[in-house]
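Hi everyone, thanks for making time this morning. I'd like to walk you through one chain, so please have a look at the sequence and the model on the screen.

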Amino acid sequence: MSGENARPWIEGELEVLGSVMKDIEAHALECYPSECCGFASGPAEEPRRVDASVREQNEADKYHKLDPETFPRTSATYFKINELRAARAFESGEAEGRPIKVIY
């Protein structure tokens, strides 16, 4: 995609379905006191609609444990999504006409 409005959902004013919000809330409660993270997507032909969410694993603690000096924060204060999984999720969403519109 190219052009000025190639991704109109980044302009905001998204319409997130209640079921998506409930799933994200449930995910947050399950992960508490750690931060949860994931993606929310919707059809490209309906730029403002967000009708699905996908949970991702917060890898902040893993990185903190391996190298606390480079990664001083834990999952209690931020989230870290695996970069390769994120890139693949963005690419497949675009290819399937269901782009990721929200990272949470």
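First, the ground rules. This is a predicted model, in which local features need pLDDT of at least 70, side-chain atom pairs count only at pLDDT 80 or more, and totals for chains, interfaces and linings use all residues. Residues are numbered from 1 along each chain as its sequence is written, and side-chain values use heavy atoms, with hydrogens and water left out.

So what is the order of the elements from the N terminus on? They run β-α-β-β-β-α-α-β, which comes to three helices and five strands; helices (H or I, at least four residues) and strands (E, at least two) are DSSP runs, numbered from the N terminus. The C-alpha trace spans about 45 × 30 × 20 Å along its principal axes. Of the 104 residues, 28% are buried; buried means under 20% relative accessible area, exposed over 50%, and partly exposed in between, with a 1.4 Å probe and protein chains only. Among contacts (heavy atoms within 4.5 Å) with a separation of 6 or more, 62% are between residues 24 or more positions apart.

Now to helix H1, residues 18–31. Its 14 residues reach 20 Å from first C-alpha to last, close to the 20 Å expected at 1.5 Å a residue; that expected span is 1.5 Å times one less than the number of residues. Val20, Ile24 and His27 are buried in H1. Seen down the helix axis, the buried residues of H1 fall within an arc of 60°, so they line one face; the arc is taken over the directions from the axis to the C-beta atoms. They pack against strands E1 (15–16), E2 (37–41), E3 (49–50) and E4 (52–56). On the face turned away, you'll find the exposed residues Lys22, Glu25, Leu29 and Glu30.

Cys31 is partly exposed at 26% relative accessible area, while Cys36 is buried at 12%. Beyond its neighbours within four places in sequence, Cys36 is in contact with residues including Ile24, Phe79 and Tyr104.

Next, please find Glu56 in strand E4. Is Glu56 buried or exposed? At 9% relative accessibility, Glu56 counts as buried. Its side chain makes a polar contact of 2.9 Å with that of Arg85; a polar contact is a pair of N or O atoms within 3.5 Å, where within protein one must be able to donate a hydrogen and the other to accept it, and residues adjacent in sequence count only if both atoms are side-chain atoms. Glu56 also touches His27 and Cys37, among others.

Two backbone details to finish. A cis peptide bond, with omega about 15°, joins Tyr32 and Pro33, and Pro33 sits in the loop between H1 and E2. Glu13, in the segment before E1, has a positive phi near 55° although it is not a glycine, and at 68% relative accessibility Glu13 counts as exposed.
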